[in-house]
Amino acid sequence: MSDDIETLVARLPQLGDAVLVTLQLTVGGALLAMVVALLLGFGSRTRTLWVRGPSRVVVEFFRGTSLVVQFFWLFYVLPAFGFKLESMAVGILALGLNYGAYGAEVVRGSINSVPRGQWEACTALNLGPVHRIRRVIFPQAWALMLPMLANLLIQLLKGSALATYVYLHDVFFWTDQLRTATRDTFFSFTVGLVVYFVIAYVLTWGMNGLEARAKRRLGVVPTRPTLRDVLRVRPADPASPGTAPSGRPATGDDVATAGSQDDEAGARVATGARRGEDS
């Protein structure tokens, strides 16, 4: 074991480079996936068939095909058509398109989950389509979609290990090199698991912070997110359906009170939107 530790310490500089490659793939893929998710998510909700149809086709195609095959197709097949991409570009493009297709369904479902009363309030205030989405609908949908986007981000991090097949020296490649150097499969892959877990946990903290901030902006969380809210794996949700504030089972009065609070929150959102329009 002491030899394994010495080999691990000697290879720590290479681990830093490998983590940097994995982070570049994860962040780049996540940004591209978010753009793809928003475009395809909103495109899937439009009434125009010429926009909704292609959006659905793209979503179903990238959800229904293997990520490994997409990596290989972009790296080995695309040059046959005169488009040769660098390995990093292939990794980011494959991850962004694949997980963007999954994210599109998250965006579409979250937009549809916004209460109908909010849409009707926007119509009553005579808000335009862009103003309606930007000021009222999307802030509420954003708070709903963040937990699911956090799951997709962790999946994307783990999917980045496939970039080894296009000759990128990421964490998985470093782990395999450690196994070759130590000849200890248990030790090397256990270290690899720990490295991926630490990166995933840091990303989870960041997404928890975004979720707490989004809820606070909606008035769901009355105070700024504390360090405990940001660092906890499972964000606090004081408005969980079916549970009274004291933790006892919800009664009819609780449901009526919650509905009244929702109406007040909707009124605040509508008032905020109207103020933004006036300004």
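Tutor: A helix here is a DSSP run of H or I with at least four residues, numbered from the N terminus. Please bear in mind that the model is predicted.

Student: How many helices and how many strands does the secondary structure of the chain come to?

Tutor: Read along the sequence, the chain follows the pattern α-α-α-α-α-α-α-α-α-α-α. The secondary structure therefore holds helices by the DSSP definition, and the totals are 11 helices and zero strands.

Student: In which helix do F72 and Y76 lie?

Tutor: F72 and Y76 are four residues apart, about one turn of the helix. Both belong to residues 67–77, which form helix α4.

Student: How many aromatic pairs are there, and why is the pair of F72 and Y76 placed in its class?

Tutor: The count comes to 11 aromatic pairs. For F72 and Y76, the ring centres are 5.8 Å apart and the planes stand at 75 degrees. Planes over 60 degrees apart count as edge-to-face, so the pair of F72 and Y76 is edge-to-face.

Student: What kind of aromatic pair do F75 and Y76 form?

Tutor: The rings of F75 and Y76 lie 4.9 Å centre to centre, with 90 degrees between the planes. The pair of F75 and Y76 is edge-to-face.

Student: Is F75 buried or exposed, and which residue lies over the face of its ring?

Tutor: The relative accessibility of F75 is 13%. Buried means under 20%, so F75 counts as buried. At 5.7 Å from the ring centre, the residue over the face of F75 is K84.

Student: Which residues do ring pairs link into a cluster with F72?

Tutor: The cluster includes F75 and Y76. Ring pairs also bring in two tyrosines, Y165 and Y167. The residues linked with F72 are thus F75, Y76, Y165 and Y167.

Student: How are α1 and α2 oriented to each other?

Tutor: Helix α1 (residues 2–10) and helix α2 (residues 12–43) have axes 5 Å apart and pack at about 55 degrees. Their contact is made by L8, V9 and A10 of α1 with L12, P13 and Q14 of α2. Given that angle, α1 and α2 are oblique to each other.

Student: How are α6 and α7 oriented to each other, and what is the hand of their crossing?

Tutor: The axes of α6 (residues 116–124) and α7 (residues 129–159) come within 11 Å and cross at roughly 165 degrees. Angles over 145 degrees count as roughly antiparallel, so α6 and α7 are roughly antiparallel. Q118, W119, C122 and T123 in α6 meet R132, I133, V136, I137 and Q140 in α7. The crossing is right-handed.

Student: Where is T175 found, and with which residues is T175 in contact beyond its neighbours within four places in sequence?

Tutor: T175 is found in helix α8 (residues 171–182). With a relative accessible area of 2%, T175 is buried. Its contacts beyond those neighbours are S188, F189 and G192.

How values were computed:
Residues numbered from 1 in each chain as written. Predicted model: local features only at pLDDT ≥ 70, side-chain atom pairs only at ≥ 80, totals over all residues. Heavy atoms only, no water. Phe/Tyr/Trp six-rings, centres within 6.5 Å; stacked < 30°, edge-to-face > 60°. Helix = DSSP H or I, 4+ residues; strand = E, 2+ residues; numbered from the N terminus. Buried < 20%, exposed > 50% of the residue type's maximum accessible area, 1.4 Å probe, protein only. Lys NZ or Arg CZ within 6 Å of the ring centre and 35° of its normal. Axes fitted to C-alpha atoms, helices over the stretch in contact; angles between N-to-C directions. Parallel < 35°, antiparallel > 145°, perpendicular 65-115°, else oblique. Left-handed = near helix turned anticlockwise from the far one by under 90°. Contact = heavy atoms within 4.5 Å.
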